[in-house]
Amino acid sequence: MTRRILAGCIALMAITLFSNVQARPLAEIEKSGQLIIGTYGNFKPFTYFEDGKFVGFEVDIGNEIAKRLKLEPQWKPMEFDSLLTGLSQDRWDMVTASFGITDERSKAVLFTSPHYCTGGAIVTTNPEIKTAQDLNGKKVSVQTGSTYFMALQKVPGVQVRNMSSDNARNALLSGKVDAWVTDKFVAVMMQQKAATSNGSVRPVYIGDMLFNERIATAVQKDNTAFAERYNQVLEDMLKDGTYETISKKWFNEDVRCK
């Protein structure tokens with residue numbers, strides 16, 4: 001068992017141990033006037049810093065949710081693999097950080113309705129690497145604690161390099177790994193950036209999707225009233241065109257789950 005796998009197991013144990021902590025109920029959140037949101041601050045175009053401002057697709061979604069709840073959003077950027085543990089310790093009201101809904105995570109947290117659908121794409125600088133079979137015997141970088149890491153465990157012969165999101169991307173661009181598995185929208189953005197770099201960045205190729213997933217906000221397991229209110233507000237945004245406007249701003253398409 002590697003250190004990172006051991007760390008993941010310890011983190012899951014921590015979530016379970018703190019599962020009986022009482023989250024702030026909806027009435028208390030509303031009384032405070034603030035919505036505390038745990039997030040990962042370095043996952044462009046979803047949640048990231050630009051010119052000193054915290055921006056991204058999920059930031060816009062979270063801010064609109066807070067606005068409709070008549071609350072002031074308080075974003076708390078943290079390391080990705082510490083977010084769900086922090087939620088279980090009642091450090092924030094919810095986590096919005098491109099977390100895919102999985103059976104394992106659902107044992108520890110309560111997921112809201114999904115706010116977009118995506119999947120894990122194979123990204124390379126070698127056009128001959130396209131499929132899961134092509135990854136056999138290859139070094140592949142992936143973000144620690146992500147569903148991309150979980151998916152790679154099922155691909156035979158892969159030499160997984162588990163690291164931060166930025167380091168995983170840079171490992172591919174520097175030639176330290178043969179491929180990178182990440183969110184398909186992140187991959188498209190990276191490919192577009194490489195295409196306009198005038199040769200300063202190696203060409204990027206997007207291969208097959210390893211899996212599809214639904215992305216949602218997580219709240220504490222027993223905070224059902226808050227989750228239901230969140231879902232109602234998100235549904236209103238989906239119906240009145242607000243969600244589509246935000247989505248097309250970042251992706252030029254509607255990325256809601258069909």
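Which elements each supply at least two residues of the lining of the largest cavity? The model examined here is predicted, so local features need pLDDT of at least 70, side-chain atom pairs count only at pLDDT 80 or more, and totals for chains, interfaces and linings use all residues. Residues are numbered from 1 along each chain as its sequence is written, and side-chain values use heavy atoms, with hydrogens and water left out.

The structure holds two cavities of 30 Å³ or more. A cavity is a set of points on a 1 Å grid over the protein atoms alone, where a 1.4 Å probe fits but cannot get out. Grid points are joined across faces, edges and corners, and a volume is the space filled by probe spheres set on the points. The largest cavity has about 70 Å³ of space. Its lining (residues with an atom within 4 Å of a point) includes F43, F80, F99, R105, Y148 and E213. The elements asked about are β6 (94-100) and α6 (147-152). Helices (H or I, at least four residues) and strands (E, at least two) are DSSP runs, numbered from the N terminus. β6 gives the largest share of this lining, four residues. By class, the lining has five nonpolar, five polar and two charged residues. Here Ala, Val, Leu, Ile, Met, Phe, Trp, Tyr, Cys and Pro count as nonpolar, Asp, Glu, Lys and Arg as charged, and the others, Gly among them, as polar.

Two of the lining residues, F80 and F99, also form an aromatic pair. A search of the whole structure finds 15 such pairs. Rings of Phe, Tyr and Trp (its six-membered ring) pair if their centres lie within 6.5 Å; planes under 30 degrees apart count as stacked, over 60 as edge-to-face and the rest as tilted. The F80 and F99 ring centres are 4.4 Å apart and the planes lie at 15°, so this pair is stacked. F80 lies in the loop between β5 (72-77) and α4 (83-88) and F99 in strand β6, so the pair ties together parts 19 residues apart in sequence.

The second largest pocket holds about 390 Å³ of space. A pocket is an open set of points with protein on both sides within 12 Å along at least five of seven lines. This pocket is lined by 15 residues, and K44, R169, M189, M190 and K193 lie nearest its centre. α8 supplies the largest share of the lining, five residues.
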